[in-house]
Amino acid sequence: MKRISLIIGDLLVLYFALFLALIIRYGSEFGKFAEQHLTPFSIIFIIWLIVFYVAGLYDPKRLRNNIEFLKTLLLAIAVNAILAMLFFYLVPYFGITPKTNLFVFLAIFTILEIIWRRSFNRFTLSLQTKTKIALVGSGKAADEISEFIKENPQLGYKLAIRLKSEISSFPFKTTDDWKKIVEENGVNLIVIPQNLKNEPHAAKIFYGLMALNVEIVDITSFYESIFKKIPLDEVGEEWFLDEIIGKERIYGGVKRIIETVLALVLFIVLLPVEIIVAVLVKLSSTGPAIYKQVRVGLNRKEFVIYKFRTMKVNEKHSWPGEDDKRITLVGKFLRRTHLDELPQLLNIIKGDISFVGPRPDFVDFYKDLERKIPHYSVRTLVRPGVTGWAQTNYPITASLEQTRERLAYDLYYIKNHSAAMDIAIIAKTIKVLFTAQGL
């Protein structure tokens, strides 16, 4: 509802700013020019909303009145201003090049949008009814949840009480004890370790609270809902059997057909760019333009991935460093712009990888990580991708611990992947490209 309200509010501010700008420019005669401006600006407004989405301005976690939010909003407006200017000067179909009108509109919209967004953030924070949580558990996931709730009050949660002991050592061993906790702290939601659901005594206690309209949820599910990743320390083999097995079958086939057609079209359209990049790579250093590397794909099958070479030849792969001297000058540019990924369109056509999925590992890395990180092989249950949920939410991994963290995002994608999620990841990837972040 917050997202819908924000989109509707942004649209109203956009059109109000446009009509206000026309009134300032033309006075009582603004009606003569309104129709001329309405259609092209409506097209621009759709683009603007997409940019706002990509920038994260509809993400509930970012809806707070701090300097970071203001900087993001102003940057998105600046990008939209450039897109609007390009639109009017590169698409002469509408017969207008509104220099002054566009400037006046941008000034009015920026002021109104800042007022609207700050007011919305303040209003929703003050009016929303907090869900008061009783958090049970002493593990890492519980600690992260506790800290996150305290730092993000705009999400509507409040930590009413934290119980760190195990259920067996609690002084509250009856349903009546827990009813007292619920009533004294106004608790609406109890978050418990997943294993407590399987303990008969604990299950009976929490079952008795249902009459109080108190929701009981396990830490794994709650953690997943707020962080959009899976808490690795909280899940066991039974979780994978319940949540992961069979997730790829229905959507995978349709996705494969669409991606093959799209990759073929993109490969043909971008062929001139690919030829230019190949020439630049050849001229920059000795070696082939196309780099071939064996990677681990779907169901642990090995395949050859294609990329434009960005490093000197005969260099063994290792964890990337801050200033990797193996990367060529052209290679740095290709990595920054992600143009080195273009040959992977061939891999998509062949069915080795998808547009969206977990990052495909080097064979030696995969074998090493499979031994060191529990459940790491689960990543291969879906086709790997050029981009993915982990790539857009977590930086390039440079250590074993960071790889564990990235696996948490990969597992979330494997459990929840769908057409809508893939589209959202592609949109987020566009944001990453524009903000020069690494995948």
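User: Where is Glu224 placed?

Analyst: Glu224 sits in helix H8, residues 219-227. Helices (H or I, at least four residues) and strands (E, at least two) are DSSP runs, numbered from the N terminus. The model is a predicted one: local features need pLDDT of at least 70, side-chain atom pairs count only at pLDDT 80 or more, and totals for chains, interfaces and linings use all residues. Residues are numbered from 1 along each chain as its sequence is written, and side-chain values use heavy atoms, with hydrogens and water left out.

User: Is Glu224 buried or exposed?

Analyst: Glu224 counts as buried, at 8% relative accessibility. Buried means under 20% relative accessible area, exposed over 50%, and partly exposed in between, with a 1.4 Å probe and protein chains only.

User: What does the Glu224 side chain make a polar contact with?

Analyst: With the side chain of Asn416, at 3.0 Å. A polar contact is a pair of N or O atoms within 3.5 Å; within protein, one must be able to donate a hydrogen and the other to accept it, and residues adjacent in sequence count only if both atoms are side-chain atoms.

User: Which residues does Glu224 touch, not counting those up to four places away in sequence?

Analyst: Lys229, Ile230, Tyr412, Lys415 and Asn416. Contact here means heavy atoms within 4.5 Å.

User: Switching to charges. How many salt bridges does the structure hold?

Analyst: It holds 17. A salt bridge is a side-chain nitrogen of Lys or Arg within 4 Å of a carboxyl oxygen of Asp or Glu. Asp143 forms one with Arg162, with the closest N and O atoms 2.7 Å apart. That pair links distant parts of the chain, since Asp143 is in helix H5 (residues 140-151) and Arg162 is in strand E2 (residues 157-163), 19 residues apart. Asp143 is partly exposed at 36% relative accessibility.

User: What about Arg404, which residue does its side chain meet in a salt bridge?

Analyst: Asp233, at 3.2 Å from N to O. Arg404 lies in helix H16 (residues 400-416) and Asp233 in the loop between H8 and helix H9 (237-243), so the pair ties together parts that are 171 residues apart in sequence. Arg404 is partly exposed, with a relative accessible area of 21%, and Asp233 is exposed at 53%. Salt bridges that share partners join Lys140, Asp233, Glu401 and Arg404 into one network.

User: Which residue meets Lys350 in a salt bridge?

Analyst: Asp352, at 3.6 Å from N to O. Asp352 is buried, with a relative accessible area of 16%.

User: And where is Arg383 found?

Analyst: Arg383 is in the loop between helix H14 (363-372) and strand E9 (385-387). Its side chain reaches the backbone oxygen of Gly351 at 2.6 Å. Arg383 and Val296 are 87 residues apart in sequence, with their C-alpha atoms 9.8 Å apart in space.

User: Last one, the whole chain. How many helices and strands does the secondary structure come to?

Analyst: 17 helices and nine strands. Of the 439 residues, 44% count as buried.
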